[in-house]
Amino acid sequence: MNAPAPNLIAGWSPDSWQTRTAVQQAKYPDAGALDAALAELSGMPPLVTSREVQALKTQIAAAQAGKMFVLQGGDCAESFADTTPDIITNRLKVLLQMSLVMVHGMKKRVVRVGRFAGQYAKPRSADLETRDGVTLPSYRGDIVNAPAFTAEARVPNPRLLIRAHARSAMTLNFVRGLIDGGFADLHHPEFWDLDWVAHSPHSGAYQQMVDAIGESIRFMETLADKTIGDFGRVDFFTSHEALHLHYEQAQTRTVPRQDGWYNLSTHLPWIGVRTAELDGAHVEYCRGIRNPVGIKIGPSMDTDWVLGLLDTLNPDDEPGRIVLIHRMGAGKIADALPPIVEAVRDAGRQVLWMCDPMHGNTESTSTGVKTRKFDNIRAELDTAFDVHQACGTHLGGVHLELTGENVTECMGGARDLTETDLSRAYKSQVDPRLNYEQALELAMLIVRKQAGATVP
Ligand code: PEP
Ligand code: CO
């Protein structure tokens, strides 16, 4: 029998990205300290397993075939300070509730992928930030530095790589414990209520659905004369932007009795729009790993670029390997998306189409606060469904920035949050997130749209 071949990809190795231009990387002042941290990281246990990664790939392939729908959501940037039981539990609850709404309304299984347990590195529009004549490195996420505007906080610190790994492990450990312990059991959806259920304008519709699901389960169990145990188990996968390439490389491993290399820091790494250059380091790194890979597609990317990415990242057109996450903006999607969808369709490429209606719709208020309007988020999603329908393809997932907390970062929604509401509970260090009510409302709108009903 042949031994597993660790590297079947020509010219690729976990560090081959270092021969390419790597944009958006932290500049560590002490190279020796960085090397020491990376050596330590390389010897640490992985956060996920290759089997789980393969399971997700199979489910993404099913979503490509229209049999499942992918819900990917979580913080724009996780922060170390948010590694608390309440914040993790609430984020899980809101994702569970949204997926319940979707399963019920779409009659399709939903794959849940959190933007969590590793979403600590952020691309920035500038390397440096100046305030009152003082210039410091930009905040690049808790894995690199800290947000406070002091020299000490902003200098990239390699020890934070170790902390990021530890915080990811804590988060994942708690999520796994909750899920395995029956937290997501459909017999008890009331366990995952957030207090919005009592106060939200949507509470009636949600409660009705939960009751109907409870009824159906009891009905089937009466018929079968047994408890349907599998309802106690759901899968949860993790994802983060594969931005900090030294960190990703240190967790790129071979696995006994498996071919190839896996990034075992997350199930689904993705390439952001700022790092998607065809000959850049991020694409080179992702080329060689066996994980499914997400690619953000922005309005400035043309069809050759997108097809080039597919050739490079999935030359064999493997099902479940590529998730194309388009994020065009409500005003641009109708013009920018169809040519790309048609080119990928005409090339006969297998991809999962996912819409991120957040990142093309970021704006600043007159006082400089970053926000997003719920109506623009919803409009982009609506148009995404329409474009895919017109092209004979289908939208198989959504990618959202959200939190289980009652923040006021995005405007609009059923409570019609306004500019003056933003200051009340604005917590994000980076992009504005949907709060739990807005997230649930969006899930309901997605379902109505899918069902073909006119969205009110
Ligand atoms: C993000 O997902 O937080 C992000 C930076 O997205 P994009 O690369 O699409 O701008
Ligand atoms: Co973001």
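Helix α12 (residues 374-391) and helix α13 (residues 436-450) pack at about 25°, their axes 11 Å apart. Here, helices are DSSP runs of H or I with at least four residues, strands are runs of E with at least two, and both are numbered from the N terminus. Axes are lines fitted to C-alpha atoms, for helices over the stretch in contact, and angles run from 0 to 180 degrees between N-to-C directions. That makes α12 roughly parallel to α13 (angles under 35 degrees count as roughly parallel, over 145 as roughly antiparallel, 65 to 115 as roughly perpendicular and the rest as oblique).

All of this comes from a predicted model, in which local features need pLDDT of at least 70 and side-chain atom pairs count only at pLDDT 80 or more, while totals for chains, interfaces and linings use all residues. Residues are numbered from 1 along each chain as its sequence is written, chains are lettered from A and ligands numbered from 1 in the order in which they are written, and side-chain values use heavy atoms, with hydrogens and water left out.

On the α12 side, F374, I377, R378, L381, D382, F385 and D386 meet Q438, E441, L442, L445, I446, K449 and Q450 of α13, contact meaning heavy atoms within 4.5 Å. Sorted by class, that makes seven nonpolar, two polar and five charged residues (Ala, Val, Leu, Ile, Met, Phe, Trp, Tyr, Cys and Pro count as nonpolar, Asp, Glu, Lys and Arg as charged, and the others, Gly among them, as polar).

Another helix pair is α10 (residues 303-313) and α11 (residues 333-346), whose axes come within 9 Å and cross at roughly 40°. The two are therefore oblique to each other. Their contact brings together T303, V306, L307 and L310 of α10 with P339, I340, A343 and V344 of α11. Seven of these residues are nonpolar, one is polar and none is charged.

Then there is the metal. The cobalt ion (ligand 2) has C76 (SG), H359 (NE2), E401 (OE) and D431 (OD) as its protein donors, at 2.1 to 2.4 Å. Donors are N, O and S atoms within 2.8 Å of the metal (3.2 Å for Na, K and Ca), and water is not among the atoms, so sites may look incomplete. C76 sits in the loop between β1 (68-74) and α3 (85-106) and E401 in strand β14 (residues 395-401), so the pair ties together parts 325 residues apart in sequence. C76 counts as buried, at 0% relative accessibility, and E401 counts as buried at 0% too (buried means under 20% relative accessible area, exposed over 50%, partly exposed in between, with a 1.4 Å probe and protein chains only).
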